[in-house]
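Dear colleague,

Please find below the structure I am handing over to you. My notes on what was found in it follow directly after.

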Amino acid sequence: MSNEFRLADRGRIDRDRPIRFRFDGGDYEGYQGDTLASALLANGIHQVATSIKHGRPRGIMAAGAEEPNALVQIERPFPEPMLTATTVELREGLQASGLPGRGQLSTGDDPARYDTMHAHCDVLVVGAGPAGLAAALSAARSGARVIVAEADTEFGGSLLGSGETLDRAPGTEWVRRATAELAACPEVRLLPRTTVFGHYDDNYLVALEHRGEQAHSRQRVWRMRAREVVLATGSHERPLVFAGNDRPGTMLAGSARTYLNRYAVRPGNRAVVFTTNDSAYAAAIDLADAGVEIAAIVDAREVVSTHWASLCIERGITIHADTAVVSTSGTDRVSSAHLCSLRSDGSRTPSVRQVVGCDLLLVSGGWNPAVHLHSQARGSLRFSEDIGAFVPEQDVRSVRSAGAAAGLFATSESLRSGAEAGRDAARAAGFDAEPGRLPRAEKAPVLASRSVWLLPSPADSDGSTRFVDLARDVTVADIRKATRAGMDSVEHVKRYTTLGTAHDQGKTSGTLSTGVIAEMLGRDVAELGTTTFRAPYTPVTFAALAGRDRGDLYDPVRVTAMHDWHVEHGAPFENVGQWKRPWYYPRPGEDMETAVLRECRAARESVGIQDVSTLGKIDVQGPDAAEFLDLVYTNMMSTLKVGRIRYGVMCTADGMVFDDGTVTRTDEQRYLISTTSGNAAGVLAHLEDWLQTEWPHLRVYLTSVTEQWATIALVGPDSRQVLSRVASGIEVGNDSFPFMSFRDGLVAGRRARVCRISFSGELAFEINVPWWYGREVWEALHEAGQPFGITPYGTETMHVLRAEKGFPIVGQDTDGTITPDDLGMSWAVSKKKTDFLGKRSFSRADTARTDRKQLVGLLPADENLVLPEGSQLVDTAELPEPPVPMLGHVTSSYRSAALDRGFALAVVKAGRDRIGETIYSPVGDRLAAVTITEPVFYDKEGARRDG
Amino acid sequence: MMLIPCPWCGPRNEIEFHYGGQADVHYPSDPRSTSDEDWAHFLFFRDNPKGVFTERWSHAAGCRRWFTVHRDTVTNEIHPDDSASAARTVTR
Ligand SMILES: [Zn+2]
């Protein structure tokens with residue numbers, strides 16, 4: 001029968017809106033306003049899952065995020081693993097199944113959209129129970145900008161489940177009015193279904209909002225910066241540890257009360273209530289009044305409250321004081337509770353005195369304030385003997401806990417502390433706030449609770465069925481094993497037993513386990529403390545954290561002015577930093593190797609053209625520009641004449657190569673420097689750092705102009721003829737336009753700066769035009785080159801051409817441990833300058849070693865072999881026993897069209913002294929013989945650069 | 001996510017900044033006459049205090065200026081005077 005356990009009256013469900021759903025293959029009905037858990041309970045289903053380690057049946061224990069057991073896999077509408085049935089909002093067509101402690105990620109793509117919101121406020125209130133609402137009201141009435149985030153689908157917190165009255169009306173009526181007043185404030189933002197899961201430095205809080213499957217975005221992450229924060233996060237009830245405390249039908253007393261009052265669900269027919277404090281009595285009375293038979297209240301305290309005792313007597317409920325439930329029986333549902341007196345009577349071992357039949361066992365071991373966010377924000381905790389739990393020390397700037405989160409459990413105290421926290425927060429943010437009038441709450445006298453951690457256990461002496469962390473199946477026996485192994489801190493026991501590491505992060509087991517450990521070690525709970533609380537408070541999917549930063553939006557893509565031309569001509573692209581660079585231009589039927597060999601031949605024999613716009617360009621100007629560049633480059637730049645270009649190497653202060661490029665002097669007080677494509681931002685930051693912090697007296701200004709210039713390299717013996725066809729106002733002859741100089745003029749009718757720079761050893765020109773004209777000029781050059789068979793080439797051919805000339809690439813042939821001398825570039829290091837970055841380090845003992853790894857060439861004995869880049873290099877043809885001494889590694893390796901063979905660059909210990917020697921490189925399962933050579937393979941005398 | 005007071009732009013999220021390590025590590029005035037040991041200290045040795053640390057930050061995604069703050073490495077609190085400090089205090 002459907003909804004057999006649903007009550008006809010009460011509750012916050014909408015009986016006019018039934019919802020059909022499927023669980024573990026069975027079809028059921030619930031109502032709008034249900035969670036999956038409440039709907040299952042209404043249908044008499046307690047067992048939802050089995051446990052992760054022992055496969056024991058497990059039921060619904062809680063009514064919120066603290067649920068340790070009831071893990072479900074959602075199958076429809078979208079597969080989602082590891083949700084707690086107690087937090088899944090029931091919706092039409094939901095399909096779910098119980099999980100044995102772990103779930104499965106969907107293999108399909110997630111079609112939903114996820115988003116991110118950023119917000120600022122004066123006061124952020126986390127939690128919209130009585131304390132949170134009171135805080136929000138006093139802050140909002142002062143005009144402060146307030147955000148209220150509440151994990152639940154509706155506001156009200158404990159008032160939704162307790163059935164309490166405020167001002168003699170249902171508490172939910174006050175909630176309705178408070179919410180309406182807040183909603184009407186223009187500076188207030190209300191966020192239901194929003195869990196704040198992280199609290200970081202300077203009140204940066206991150207929350208997850210569930211917007212539902214129909215919403216524009218399914219979930220969104222809120223990143224909020226708040227001046228002041230009020231934590232009204234409530235509390236979690238603690239279970240008790242006895243043998244068989246995990247049987248379905250065992251439920252936290254307060255949660256049972258919530259199922260009854262909020263969801264109109266009778267969670268059982270005959271209940272035993274086991275408690276250490278007054279709060280469970282309220283649940284027992286409510287359940288009794290709703291027709292549930294209360295078979296017994298078992299109270300661990302010697303003296304029970306007269307207030308509650310008289311209410312029980314009126315209803316004929318038996319109270320067993322100074323007594324505990326020590327074990328249970330039942331198969332897939334609890335069927336009886338076993339009672340044992342706690343009266344200490346000397347050496348007699350405790351034994352079961354009474355067995356009480358039941359199908360519901362309510363437990364309450366006290367309440368833990370939800371201190372997670374307070375603790376994440378580095379707030380400290382103090383153990384309160386009064387309530388037997390850790391409470392926040394109010395010591396964190398701009399963060400205040402209120403209500404149950406501060407250990408103040410009575411509704412009247414929650415309201416008062418919330419209103420005061422809201423007032424103080426608003427005042428701290430500069431508003432004139434007052435707590436305002438508060439509604440009158442019922443008041444019951446509260447008798448002190450008794451902290452009980454380890455109960456006598458006549459039925460289970462080793463503790464293997466006494467569960468402390470149900471989510472991880474960690475028992476008293478497991479913890480004893482850890483303490484006996486010598487572990488005496490909660491952090492160690494946590495890691496040894498996995499206690500508190502499940503989806504719930506130990507919400508119900510945290511303080512409990514500290515108590516159990518303390519009792520085993522004979523130490524104080526206060527002294528042992530808790531494990532560290534870390535974000536997220538509840539699990540968050542990666543999809544939500546990623547938001548829209550996925551796929552094409554994961555990272556910005558930078559393309560050049562000629563990008564579309566490259567796409568149209570079939571080039572695959574290589575990622576260089578954020579840049580897309582054409583890799584090569586295959587003709588129909590060509591593979592990469594064939595295409596690259598063809599492109600290399602063209603550049604060496606006729607003419608090639610490459611888009612080199614991605615090279616970083618920095619404009620350096622000011623009266624002290626020359627002096628500045630002398631300090632940051634290893635070579636002398638102040639002597640460079642206007643109109644001339646010099647290759648330069650930059651080192652960091654430790655003497656290691658940082659970047660390289662060209663320096664063009666365009667005026668007395670102005671230079672244009674180029675950087676490697678991937679390091680342009682790094683170079684600018686490096687230069688700014690030194691300029692601002694060490695040499696602030698230098699009058700120099702740095703501006704990135706990378707994206708102002710489109711740059712085209714025209715390369716090969718025919719490049720001069722191609723250029724001459726489209727250039728005007730530029731004498732292109734070698735005498736009038738020598739190597740390492742530039743000319744301004746027109747190219748294809750556009751103002752251009754043409755530089756004679758070569759990164760291939762061939763006669764070459766770099767044509768810089770305003771970015772806007774990049775494609776136009778590129779096409780004009782390509783057209784003008786047709787009679788010469790002009791060939792566009794990409795980064796791969798550029799790499800081969802430069803490697804044939806032994807030109808290193810910073811970041812590929814170097815790795816931050818290579819000096820200019822290691823590269824054989826002492827010629828680029830000035831001997832005349834008094835100082836420059838790196839100079840002093842060249843004479844450090846380690847930098848001056850003669851057996852440092854040096855850049856050399858390698859020629860494999862097998863001419864067809866192209867060594868894999870990164871291959872290690874060793875001395876012997878057969879590998880000795882490990883550890884094998886490593887000589888260095890291959891940094892660049894290609895097939896050369898000019899040499900018609902494979903070749904490589906490598907860094908090798910004392911490599912320059914070993915030129916001509918044979919060493920070996922493990923390739924696959926063999927050792928390939930390679931000869932060490934000079935790093936320059938082609939045109940050693942440099943005859944080709946002038947054409 | 002710390003809120004870092006840029007002396008030029010005001011408080012901004014930590015992700016806009018680039019960390020520059022310990023402040024006041026000055027480039028030796030005459031590297032040539034600096035001993036190997038002192039030079040190594042300049043290059044590689046930095047304090048790592050539990051407590052207040054004088055450190056450099058650069059507002060890399062903002063005004064690109066370097067500045068110095070005093071941050072407690074335990075609490076991440078930045079000394080309140082830093083937000084009002086002379087912006088040109090850019091000691092290394
Ligand atoms: Zn700034």
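In this predicted model, chain A contains an open sheet of five strands, arranged in the order β2-β1-β7-β5-β6 and mixed in its pairing. Strands β2 (26-32) and β6 (80-84) of chain A form the edges, each pairing on one side only. On average, neighbouring strands of this sheet are turned by 40° against each other, with direction ignored.

Strand β5 (residues 71-76) of chain A runs antiparallel to strand β7 (residues 95-98) of chain A, and four bridges join the two. As a point of reference for inspecting this pairing, A:Q73 is found opposite A:S97 in β7(A).

Strand β46 (residues 872-873) of chain A is joined to β47(A) by two bridges, in an antiparallel arrangement. Here A:L873 has A:G888 as its bridge partner in β47(A). Strand β48 (residues 901-909) of chain A also runs antiparallel to β47(A), through eight bridges; one of the residue pairs is A:S892 with A:L905 in β48(A). Together, β47(A) and β48(A) make a hairpin with four residues between them. In the turn, A:D900 has a positive phi of about 55°.

With regard to annotation, an unreviewed UniProt entry lists residues 562-833 of chain A as "domain: GCVT N-terminal". In the model, this span is 26% helix and 28% strand, and its end C-alpha atoms lie 41 Å apart.

I turn now to chain B. Its secondary structure amounts to one helix and five strands, which follow the pattern β-β-β-α-β-β along the sequence. Chain B has 92 residues, of which 40% count as buried.

Which residues of chain B hold the zinc ion? The protein donors are B:C6 (SG), B:C9 (SG), B:H59 (ND1) and B:C63 (SG), at 2.0 to 2.3 Å from the zinc ion. Along the chain, these donors follow the spacing C-x2-C-x49-H-x3-C. B:C6 belongs to strand β1 (residues 3-6) of chain B, whereas B:H59 sits in the loop between β4 (52-58) and β5 of chain B, so this pair ties together parts that are 53 residues apart in sequence. B:C6 and B:H59 are both buried.

The geometry of the site is tetrahedral, with angles of 105 to 117° among the four donor atoms. For comparison, the ideal angle for four tetrahedral donors at a metal is 109.5 degrees.

Finally, a word on confidence. The model scores ipTM 0.94 and pTM 0.91. For chain B the mean pLDDT is 88, and 87% of the residues of chain B reach 70 or more. Among the elements of chain B, helix α1 (residues 36-44) has the highest mean pLDDT, at 96, while strand β5 (residues 66-72) of chain B has the lowest, at 93. Where pLDDT is low, the predicted coordinates should not be read in detail.

With kind regards

How values were computed
Residues numbered from 1 in each chain as written. Chains lettered and ligands numbered in written order. Predicted model: local features only at pLDDT ≥ 70, side-chain atom pairs only at ≥ 80, totals over all residues. Heavy atoms only, no water. pLDDT = per-residue confidence, 0-100. Donors = N, O, S within 2.8 Å, 3.2 Å for Na, K, Ca; no water. Tetrahedral: all angles 85-135°; square planar, octahedral: opposite > 155°, others 65-115°. Buried < 20%, exposed > 50% of the residue type's maximum accessible area, 1.4 Å probe, protein only. UniProt positions renumbered as here; feature names shortened; annotations may be inferred. Pairing = 2+ DSSP bridges. Axes fitted to C-alpha atoms, helices over the stretch in contact; angles between N-to-C directions.
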